[in-house]
Amino acid sequence: MLPDWIGPQDLAALWLTLKLAAVTTVVLLILGTPLALWLARTRSRFKLAVESVVALPLVLPPTVLGFYMLMLLGSQGPIQALGGPGLAFTFTGLVIGSVFYSLPFVVQPLQNAFASIGAGTMEAAACLRAGPWDRFFTVVLPLSQRGFLTAITLGFAHTVGEFGVVLMIGGNIPGETQVISIAIYDHVEAVDYASAHVLSGLLLGLSFLMLFSLYAINGRLKMVLP
Amino acid sequence: MLPDWIGPQDLAALWLTLKLAAVTTVVLLILGTPLALWLARTRSRFKLAVESVVALPLVLPPTVLGFYMLMLLGSQGPIQALGGPGLAFTFTGLVIGSVFYSLPFVVQPLQNAFASIGAGTMEAAACLRAGPWDRFFTVVLPLSQRGFLTAITLGFAHTVGEFGVVLMIGGNIPGETQVISIAIYDHVEAVDYASAHVLSGLLLGLSFLMLFSLYAINGRLKMVLP
Amino acid sequence: AELRVAVAANFNATLERLAEAYGPTHEVAFSISSGSSGKHFAQIRQGAPFDLFFSADDRRSADLVASGHAVADSRFVYAEGLLALWSPDPERIPEDAVAFLNKTDAPRIAIANPRVAPYGAAAEAVMASYGITPDPGRLVTGQSIGQAFNFVTTGNTEVGFVALSQLITHERQYGPGSRWIPAAESYPPIVQEAVLLRAARDRQGARAFLDWVRESEAARAIIQSDGYRLPSPAANRDHRDR
Amino acid sequence: MTIQLKFDLVRPDFRLTVDVEVPAHGVTALFGRSGCGKTTLLRCVAGLEPAVQGRLTVNGACWQDEARFLPAHRRPVGYVFQEGQLFPHLSVLGNLMYGYRRIAQDRRIVQPHDVAELLGLEALLERRITEISGGQRQRVAMGRALLTSPRILLMDEPLAALDEISKAEILPYFERLHEDLSVPVLYVSHAIEEVSRLADHMLFMEDGVIRAEGPLRELITRADLPLVHGEQASAVLIGNALSHLDDEHLSCIHLPGGMLYVPRIREPTGGVLRVRVLARDVSVARQPPLPSSILNCVECTIKEIIDDPHPGHCLLKLQLGDQYLLSRITQRSRRQLELALGDRVWASVKGVALT
Amino acid sequence: MTIQLKFDLVRPDFRLTVDVEVPAHGVTALFGRSGCGKTTLLRCVAGLEPAVQGRLTVNGACWQDEARFLPAHRRPVGYVFQEGQLFPHLSVLGNLMYGYRRIAQDRRIVQPHDVAELLGLEALLERRITEISGGQRQRVAMGRALLTSPRILLMDEPLAALDEISKAEILPYFERLHEDLSVPVLYVSHAIEEVSRLADHMLFMEDGVIRAEGPLRELITRADLPLVHGEQASAVLIGNALSHLDDEHLSCIHLPGGMLYVPRIREPTGGVLRVRVLARDVSVARQPPLPSSILNCVECTIKEIIDDPHPGHCLLKLQLGDQYLLSRITQRSRRQLELALGDRVWASVKGVALT
Ligand SMILES: Nc1ncnc2c1ncn2[C@@H]1O[C@H](COP(=O)(O)OP(=O)(O)OP(=O)(O)O)[C@@H](O)[C@H]1O
Ligand SMILES: Nc1ncnc2c1ncn2[C@@H]1O[C@H](COP(=O)(O)OP(=O)(O)OP(=O)(O)O)[C@@H](O)[C@H]1O
Ligand code: MOO
Ligand SMILES: [Mg+2]
Ligand SMILES: [Mg+2]
């Protein structure tokens, strides 16, 4: 029922993209949350340096960043030198690259959200017998809802769209590392504009639906912080 | 005094990049601030849609986004058809493309920052005779300091690094629309790794200094919240 | 006067050398924009301010002529790309490369994307005519021939089908690796065409440079030394009439 | 001149309906139980409830009617919020000066130096708002509002977190402020002693409506209002400072119907002044008392005998000239003394209790 | 059993140095001027000031010493913060239940339903915290702390924003709470009447140190402390409920040296109880008074004559058995009655004033 321009390969790419974006977002949250918590609370003198380093990958063009990651992951790179696996051209490699590149989009909104939770609120929770984890889940999380929403939106959307890094360390293997963005890009490069339009439209439509639902759910949860 | 690997063309690209990133960031703040304010305050039913649309450009690969913008701004595009100026392949065109692509990185942190300012604080300012603009500059701005820092960092860094859109609308014309990220990319493509390394190192070093100073200044201003 | 040239990424370095040789004596300055030909094609159709276009193939140039964005009689083949299987490791590629690639434990192979890059299409053709059939998971595709080359130099794939011009540049700097050069007949020629764009149709300097590249010994020597094959002028004439 | 308040505001589970005029001078106390709408009423006056319908005129100037809604920052009010609402990004000084800077120079009547001194904030000016104590924060909130030299003060329990001594220092300043500058004050407080010391007028609220309204000294002796039932039930008398006994630090106040000694006051001879007499401080007897430390004794008529929530007590409303005193006594005394309506009795008041 | 508090905390411009033991039952009032360190002391007890040096033992259990620092969430305290600190993302009910849920079922002594009813919060349970009034918020904060069934209560001005009636409803609950459950309470309040009603013990703070410490009724009559100088200066007497006059709703309290009638109390005959007598409610005379509404009259000895900040007044410290009464009189009366140390006088106290 799909128009001719979209082949099964494109659908595989779409599926892979969603999987990659989802996994990346989850990993980003898992890594970004403690990092953001640390940055929001610490008075360490390394804070400034860490903050800067987190934002740094952004200034390199994704393909160049991908190139350096290739050097890192390649046979002459430190990872394989230390007996690690060859991660280039694997899904895991894609996740690593995307995580690295999208980290600031997750860390910064979370850090802001965490920093704006009043010390008094946390103290109140502690005095009501909530331990650190408990406080995190019952106070920090709900009060950082908007920060998480932003982190998820930016992290997910950016992983869907960004392909410089993925292109570089993915090797464009159909079904394994070929994502939808590369597929669309190919169509444009190959002057197959019709397919590019259709795929772009499909991606935009899907993404709009996802974003819309995400914001709608958030609106329902009715954040209270005025 | 510069090593051979860096030509005057690279320096021109570096300068152009900084100019582009600075102008883009300023434009982003000018456009993003009122938009974020509106999103943070409104109860309009268009809010959800607008929020989603702002984040949407992210999901398209930059080159593809650039391709569509090229079709929009180019000689066959609707703008020129309606008698508008030719913006493709000009600095203005680059700014437009970058602004469009980086908008969510500015709007979302600002929106979060604005949303977390208590209504009571604003009311207190109003009762102390501060009109809307006055309130914005003396209450909203200082209390959103971290949000602005994030917006500026993400907006600026992303404009420095991202080149898909710029490549497409700009055409990679040295001294005019060739930015440093494209220059590095070209070096990598041309197997001129030495130049790529030097330029990347230079860019990273510069950016680290800028980010570090930015965060240090922010630390000095000693945000009080919470 | 300044000549604005859009050039396929793989020919960028060579064009710079050509410009260096030509510019000072003819008092022409060059502004060279490197990139993928697909991108340049879209940009030229949207009014990009280029005078000359050195495409990576002959399709875009033909299309631009057809759509009136380029001057028909200016089209010519400035180089034919040559393909090589290459590894930076001098020991890696044995005499019998075909058998090596067909072994069950053969390494991953980098190629350029056949859908967009002519070198990729050529690599596919070579494999087909030699009966090389790696399973799809071992074929790693770079978006451009430059990326395919990066996969090899960084050691993420041990071998790759790359442009001869690339490995010549690389070996000049880093020393020889091992290579296998398939017969030119085993793949359709990688014809790279240049064309004069409409905006510059009346610029003598632009036409003069194109003529220089096509005719002069100096230019042909540079192109050849960078690992391209040169078509006979006759072939070029035939080609233009096609 | 008056302040005309006519508001209708609907919230889920709560509705404020107010239509009342209060004098545009002196202190008007807003009194009522928690949740009755006091804060909401102040917010309406300040212009912070845009949804409110109604009409608000202050000294003839219309701030709100059907056609107009003066925004909050155009209203010359000084609002001391119930919950501080200090600016977290500014120092104590920054908070104090925020409003002051926004007032035209020739309208600045209240000066920063005086306020900081009065409120004991001099040593804290550079502190951040998170680094001072609760009472200190409350004082900053008060100072900040005063420094806008407002033409009406809205104070929502401004002294709740302050100790007696600080209160005793700050209260006279307020009295002077509203007397000298004739700034009307809408004053929310649960402390009836504070209110009856400061206020001239009173609005008694219940569930979003004004149950009763009028001069303070009428309301606090009205049998149908709960004010007479508290421990702090009292009456306020108006008199003239007749003479001063300087060596004994006493003043003698002349009332129609009697004379009271009170601690020496500043008022010049002949000035009008108010004395608050707590019901529990007033005892009654059939005969004039023997010499004791009770200085004051006046003859009154029993006008009303009011039941008290405590079954062992009752309240007597005693007429003294054209004014009233309250006296809380035990039912036992009432029986023993055989008190009845219309009886003449001697009411004793300890002078030290008067303020 | 005692609570041993030994703290040393240094801040720029402020230092808390405390080394004191207070009884681990009953209410200990923390009294002192704004900024003297009351909140800081409570925070140290709750474990919210990790920088504090010292030692804290509650009923034998060590919460902090050189080696140990029990984190806040492990300390069974119920802390009512001076500034609410309610959770903005939870409803009223959510706030109330937050701590309750974290207490093991068999340790839940206080029940949500009772607390909500007592604090008048039943109708508000679903509301968001931004949609209730200031006093309502304060009640939620109190309920939330109570519902952790704590083993020590820290209360920082819990009743400041409440009206008299709410206070009158809530205070007896506290009294029962600390009596029935024998939960010790550290209670910060500026309202001396609240404190002297509730507290058994008192810490008087000044500039970060404990100026004086001891049973409440000693401290509030000590001439060297400012407590005797306020309008609310009072004495607390301990006696036995001797008998009840049920038809008159009075109780008769037996003191060594005299007898007082007070409003009917619940205590059974013979129970020990406390009576607070305000200095301003006590008048003195040379002879026993004539019949009046003043029920109580006891004979005492003048032990001390204390100057008052008001030059026209003085305070008499009167011995009654082994206890003390305070009486504030004018200097004029003192001269007229020729009062001197050691004199026997008749002190009259209105029964209604006793609580
Ligand atoms: N976070 C802080 N950093 C530095 N100093 C502080 C901080 N919090 C309070 N202070 C100072 O410490 C002193 C004691 O404060 P604390 O809050 O304990 O006073 P308090 O007795 O509770 O006063 P109040 O009755 O006004 O609430 C005050 O002088 C105050 O200015
Ligand atoms: N933002 C709000 N949304 C909905 N209802 C509210 C809101 N704020 C207050 N209320 C309700 O409106 C009523 C009046 O509130 P208000 O704050 O005026 O009371 P108050 O008289 O100031 O009480 P308190 O003495 O406790 O401060 C209360 O019942 C309260 O629950
Ligand atoms: O540089 Mo991009 O973000 O892959 O084109
Ligand atoms: Mg209120
Ligand atoms: Mg305090």
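**Sheets, a ligand and a metal site**

Strand E1 (residues 2-8) of chain C runs parallel to strand E3 (residues 52-54) of chain C, and three bridges join the two. Within this pairing, Ala6(C) of chain C has Phe53(C) in E3(C) standing opposite. The model described here is a predicted one.

These two strands belong to an open sheet of five strands in chain C, whose order is E2-E1-E3-E10-E4. The pairing in this sheet is mixed. At the edges stand strand E2 (29-35) and strand E4 (76-81) of chain C; each has a single partner strand, so one side of each is left without a neighbour in the sheet. From one strand to the next, the twist of this sheet averages 20°.

Chain E also holds an open sheet of five strands, here in the order E15-E19-E16-E17-E18 and with antiparallel pairing. Its edge strands are strand E15 (282-285) and strand E18 (323-330) of chain E, each of which pairs on one side only. The twist in this sheet averages 45° from one strand to the next. One of the pairings can be followed in detail: strand E17 (residues 313-320) of chain E is joined to E18(E) by eight bridges, and the two run antiparallel. Lys317(E) has Leu326(E) in E18(E) as its bridge partner.

Chain E also supplies protein donors to a magnesium ion, ligand 5. Which atoms are these donors? They are OG1 of Thr39(E) and OE1 of Gln82(E), and they lie 1.9 to 2.2 Å from the ion. The pair links distant parts of the chain, the two residues being 43 residues apart. Thr39(E) sits in helix H1 (residues 38-46) of chain E, while Gln82(E) is in the loop between strand E6 (77-80) and helix H2 (92-100) of chain E. Thr39(E) has a relative accessibility of 23% and therefore counts as partly exposed, the range for that class lying between under 20% for buried and over 50% for exposed.

Another ligand, ligand 3, lies between chains A and B. Around ligand 3 are Pro62(A), Glu162(A), Phe163(A) and Gly164(A), together with Pro62(B), Glu162(B), Phe163(B) and Gly164(B). By type, the residues of this shell divide into four nonpolar, two polar and two charged. Two contacts can be picked out on the ligand. From chain A, a backbone N or O atom of Gly164(A) lies 2.9 Å from an oxygen atom of ligand 3. From chain B, an N or O atom in the side chain of Glu162(B) is 2.3 Å from an oxygen atom of ligand 3.

How values were computed: Residues numbered from 1 in each chain as written. Chains lettered and ligands numbered in written order. Predicted model: local features only at pLDDT ≥ 70, side-chain atom pairs only at ≥ 80, totals over all residues. Heavy atoms only, no water. Pairing = 2+ DSSP bridges. Helix = DSSP H or I, 4+ residues; strand = E, 2+ residues; numbered from the N terminus. Axes fitted to C-alpha atoms, helices over the stretch in contact; angles between N-to-C directions. Near = heavy atom within 4 Å. Polar contact = N/O pair within 3.5 Å; in protein donor to acceptor, adjacent residues only side chain to side chain. Nonpolar A, V, L, I, M, F, W, Y, C, P; charged D, E, K, R; others polar. Donors = N, O, S within 2.8 Å, 3.2 Å for Na, K, Ca; no water. Buried < 20%, exposed > 50% of the residue type's maximum accessible area, 1.4 Å probe, protein only.
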